[in-house]
Amino acid sequence: MERHSRRPPAPGKRIALLACMLAWHAAVAASDVLPVHLTGTWGTAASLHEGDAGQSQLHLDADGYGVMVGSTPRPTRIDGKDHEGPQVLAVIGFPLRATLDGTTLTARVVALDPKDAEKARRIEITCRHEATSPTLTCRGPGREPVVMRRFSETVPAEVARTLEQVRSVVRQDVRPAFSR
């Protein structure tokens, strides 16, 4: 008894199917995950350099990518005298990806280096949106809550450029293993 030979699908069909799957994935990944009332720039002050206390800012794009930035308090002299030199502040930030569930925004750090991926997965920042204020009250691991108000409906141009670079790194990292 002869077995029926099953003809494998043509290579072109496999490629077309793979292309459709990748296009669908890209379209889903590009869709907005945050409503317009949450995008833009949120902060404890209009500038990271305002006042004597440390400041925080959260920049969010509609696709959920964003940057959390913070500055240190102004330096003070131990002897209590006025500081006559430049008022140097340390400013540091990190990329994140946010999702919304009801009024709770959950942001996770985006690891740009694969060595940091495990540590980044454990870091979660939660923010509650209060529409009447409007404010975001955010809390990171082991931190006191920080209340931020909205300063802009969009992110600054330099943040937009940074987020494009973050998206590029993330896209490279999710490529199928056989294409690396």
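Trainee: Where does Ser-71 sit?
Mentor: Ser-71 is in strand β3, which covers residues 65–71. Keep in mind that this is a predicted model.

Trainee: Is Ser-71 buried or exposed?
Mentor: Buried. Its relative accessible area is 11%, and the cut-off for buried is under 20%.

Trainee: What does the side chain of Ser-71 reach?
Mentor: The backbone oxygen of Leu-48, at 2.7 Å.

Trainee: And which residues is Ser-71 in contact with, leaving aside neighbours within four places in sequence?
Mentor: Leu-48 is on that list too.

Trainee: Let's zoom out. How many helices and strands are in the chain?
Mentor: Three helices and eight strands. From the N terminus, the order is α-β-β-β-β-β-α-β-β-β-α.

Trainee: How much of the chain is buried?
Mentor: Buried residues account for 26% of the 180 residues. Ser-71 is one of the buried ones.

Trainee: Which share of contacts joins residues at least 24 apart?
Mentor: 47%, counting contacts in the chain between residues at least 6 apart in sequence.

Trainee: New topic. Where is the cis peptide bond at Pro-134?
Mentor: The cis bond joins Ser-133 and Pro-134, with omega at about -25 degrees.

Trainee: And which loop holds Pro-134?
Mentor: The loop between β6 and β7. Strand β6 spans 124–130, and β7 spans 135–139.

How values were computed
Residues numbered from 1 in each chain as written. Predicted model: local features only at pLDDT ≥ 70, side-chain atom pairs only at ≥ 80, totals over all residues. Heavy atoms only, no water. Helix = DSSP H or I, 4+ residues; strand = E, 2+ residues; numbered from the N terminus. Buried < 20%, exposed > 50% of the residue type's maximum accessible area, 1.4 Å probe, protein only. Polar contact = N/O pair within 3.5 Å; in protein donor to acceptor, adjacent residues only side chain to side chain. Contact = heavy atoms within 4.5 Å.
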